[in-house]
Amino acid sequence: MKVFIVFAHPEPKSFNGSFLKGTVEHLEKNGHEVRVSDLYKDQFKSIVDEKDFLNFQEGERLKLFAQSAKAFKEGKLTEDVYKEQANLEWADLVIFQFPIWWFSMPAILKGWFERVYSSGFGYSVGVHNSTRYGDRFGEGKMQGKKAILAVTLGGSESQYGPRGINGPIDDLLYPVTRGMLHYIGFSVLPSHYTFTTDRSSEKDFDDSLNSFLNKLDNVDTIKPIAYRKQNFGDYVYPSLELKEGLEQPNETGFAMHIAK
């Protein structure tokens with residue numbers, strides 16, 4: 001198996017740094033090929049601007065979506081972006097490992113998505129006919145590939161539970177799992193969470209790492225999250241609203257977009 005890990009934490013001696021090391025060692029020991037993008041170590045550029053598009057004409061108004069599409073079509077993106085795109089195309093499984101900071105991913109990782117997901121790479125947006133609106137939300141270039149989040153949190157599991165003060169963790173990460181991974185075709189596996197990492201013991205670390213490694217060893221048996229696909233009849237065209245009656249009784253919010 002070819003595994004690409006996108007890692008976002010500035011401290012190699014941290015829980016996350018040790019977790020990454022243990023994951024890579026385990027995968028390589030078991031014969032898998034591994035590539036790692038260590039965003040902080042590599043000082044990955046996280047701000048989208050005109051420098052990302054080598055065909056941008058100075059003095060023009062920068063329209064990011066249009067310019068991104070034009071640069072992708074003409075082969076005028078930057079080398080660091082092409083490298084990350086090639087890693088995504090190479091991999092069978094992509095792991096995104098990061099801490100939750102201020103209810104979201106680190107800014108450097110958000111910037112990675114904004115730059116690497118150039119318009120035209122991995123997905124398309126546009127009206128094809130009366131029942132299709134681009135190759136996205138379950139379609140796209142990453143079809144046939146798996147992705148999983150390995151996330152650390154400072155708070156306790158109860159704080160991120162159904163009644164927790166921080167909100168349900170799966171809802172908190174819905175914009176990532178659905179909006180960034182499923183969007184371009186990944187089969188998204190249930191995320192791996194480690195809570196209260198700032199107060200964790202060696203046993204806590206070992207338990208979490210071993211649990212994650214067991215998931216990786218059995219990745220082919222794990223059922224992906226059953227996110228509804230855009231172009232397969234669940235959504236009304238052209239509003240792209242979920243058809244009435246597909247949700248469970250009294251079901252609202254993100255949960256409606258997961259088939260039961």
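Student: How far apart are the mean positions of the positive and negative charges of the protein chain?
Tutor: The mean positions of the 31 positive and 35 negative charges are 4 Å apart. Lys and Arg count as positive and Asp and Glu as negative, while His and the chain ends are not counted. The place of a charge is NZ of Lys, CZ of Arg, CG of Asp or CD of Glu.

Student: What kind of model is this?
Tutor: This is a predicted model, in which local features need pLDDT of at least 70 and side-chain atom pairs count only at pLDDT 80 or more, whereas totals for chains, interfaces and linings use all residues. Residues are numbered from 1 along each chain as its sequence is written, and side-chain values use heavy atoms, with hydrogens and water left out.

Student: How many helices and strands does the protein chain have?
Tutor: The protein chain has seven helices and 10 strands. Helices (H or I, at least four residues) and strands (E, at least two) are DSSP runs, numbered from the N terminus.

Student: Which residues of helix H2 are buried?
Tutor: In H2, residues 64-74, the buried ones are Gln-67, Ser-68 and Ala-71. Buried means under 20% relative accessible area, exposed over 50%, and partly exposed in between, with a 1.4 Å probe and protein chains only.

Student: Why are they on the same side of H2?
Tutor: They cover an arc of only 100 degrees around the axis, which puts them on the same side of H2. The arc is that of the directions from the helix axis to the C-beta atoms.

Student: And which residues are exposed on the other side of H2?
Tutor: Phe-65 and Lys-73 are exposed there.

Student: What covers the buried residues of H2?
Tutor: The cover includes helix H3, residues 79-90. After H2 comes Gly-75, with a positive phi near 70 degrees.

Student: Changing topic, which peptide bond is cis?
Tutor: The bond from Tyr-237 to Pro-238 is cis, with omega near 5 degrees. Most peptide bonds are trans. Pro-238 is in the loop between strand E9 (235-236) and strand E10 (241-242).

Student: Where does Leu-240 lie?
Tutor: Leu-240 also lies in the loop between E9 and E10. Its phi is positive, about 60 degrees, although Leu-240 is not a glycine.

Student: Is Leu-240 buried, partly exposed or exposed, and why?
Tutor: Leu-240 counts as partly exposed because its relative accessibility is 27%.

Student: What about the phi of Thr-196?
Tutor: Thr-196, not a glycine either, has a positive phi of about 45 degrees. Thr-196 lies in the loop between strand E8 (192-194) and helix H7 (202-217).

Terms used:
Contact = heavy atoms within 4.5 Å.
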